[in-house]
Amino acid sequence: MDERELANHVLEIVDQTAYRMSARRILAVHLAVGGRRVFNLERLRVTFRKCALGTVAEGAALFVKVLPVRHHCQGCGNNFEASSSEHPCPECGHPHTEMIGGEELRLLEMEVDDDAA
Ligand SMILES: [Zn+2]
């Protein structure tokens, strides 16, 4: 998923949520993204701004929180969180750990302009 797909996907969620909330204008969108997704944040912001033109999220600020990736150690079975994809096990030092998830995409919060409602 590249920045454009990601931006479109986010806008879809925002649009549906805004509809449910009967919101006409969104001021800010807070997003949580799994640490395994690789994207350029600045490019995502620019793309989001372009794609949002003419929608409820036009001019909305985009905040992205990158979630830590969970790892599973094949050596000792330990589960832990790490920010990077390659991370040795903190328990036994096993160099090969398996990533679990890390591809989440969640809408945490939306700031709605009440005056426009
Ligand atoms: Zn281990």
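Q: Which exposed residues sit on the face of α1 turned away from its buried side?
A: Tyr19 and Arg20 are the exposed residues carried there. Keep in mind that this is a predicted model.

Q: And which residues of α1 are buried?
A: Glu3, Leu6, Ala7, Val10, Leu11, Val14, Thr17 and Ala18. Looking down the axis of α1, these buried residues fall within an arc of 135°, so they line one face of the helix.

Q: Why would residues three or four places apart point the same way?
A: Because an α-helix has 3.6 residues a turn.

Q: OK, what covers the buried residues of α1?
A: The cover includes β1 (26–34), α2 (41–51) and β6 (105–112).

Q: How far apart are the end C-alpha atoms of α1, and what span should its residues give?
A: The ends are 26 Å apart. Helix α1 has 19 residues, 3–21, and at 1.5 Å a residue they should span 27 Å, so the two agree.

Q: What's going on at the start of α1?
A: Asp2 has a side-chain oxygen that comes within 3.1 Å of the backbone nitrogen of Arg4.

Q: And what follows α1?
A: Ser22, with a positive phi, near 55°.

Q: Switching to the metal: which residues coordinate the zinc ion?
A: Cys73, Cys76, Cys89 and Cys92, each through SG, at 2.3 to 2.4 Å. Along the sequence, these donor residues follow the spacing C-x2-C-x12-C-x2-C.

Q: What arrangement do the 4 donor atoms make around the zinc ion?
A: Tetrahedral, because the angles they subtend run from 105 to 112°.

Q: Is Cys73 buried or exposed?
A: Buried, because its relative accessible area is 0%. Cys76, on the other hand, is partly exposed, at 41%.

Q: Last topic, Arg70. Where is its place?
A: Arg70 is in strand β3, residues 69–73. Its relative accessibility is 38%, so Arg70 counts as partly exposed.

Q: What does Arg70 touch, leaving out residues up to four places away in sequence?
A: Asn79, Phe80 and Glu81, plus Glu98, Met99 and Ile100.

Q: How far is Arg70 from Arg36 in space?
A: C-alpha to C-alpha, 9.5 Å, while in sequence Arg70 and Arg36 are 34 residues apart.

Notes: Residues are numbered from 1 along each chain as its sequence is written. This is a predicted model: local features need pLDDT of at least 70, side-chain atom pairs count only at pLDDT 80 or more; totals for chains, interfaces and linings use all residues. Side-chain values use heavy atoms; hydrogens and water are left out. Helices (H or I, at least four residues) and strands (E, at least two) are DSSP runs, numbered from the N terminus. The expected span of a helix is 1.5 Å times one less than its number of residues. Buried means under 20% relative accessible area, exposed over 50%, partly exposed in between (1.4 Å probe, protein chains only). The arc is that of the directions from the helix axis to the C-beta atoms. Contact means heavy atoms within 4.5 Å. A polar contact is a pair of N or O atoms within 3.5 Å; within protein, one must be able to donate a hydrogen and the other to accept it, and residues adjacent in sequence count only if both atoms are side-chain atoms. Donors are N, O and S atoms within 2.8 Å of the metal (3.2 Å for Na, K and Ca); water is not among the atoms, so sites may look incomplete. Four donors count as tetrahedral if all angles lie between 85 and 135 degrees; four count as square planar and six as octahedral if opposite donors are over 155 degrees apart and all others between 65 and 115; anything else is irregular.
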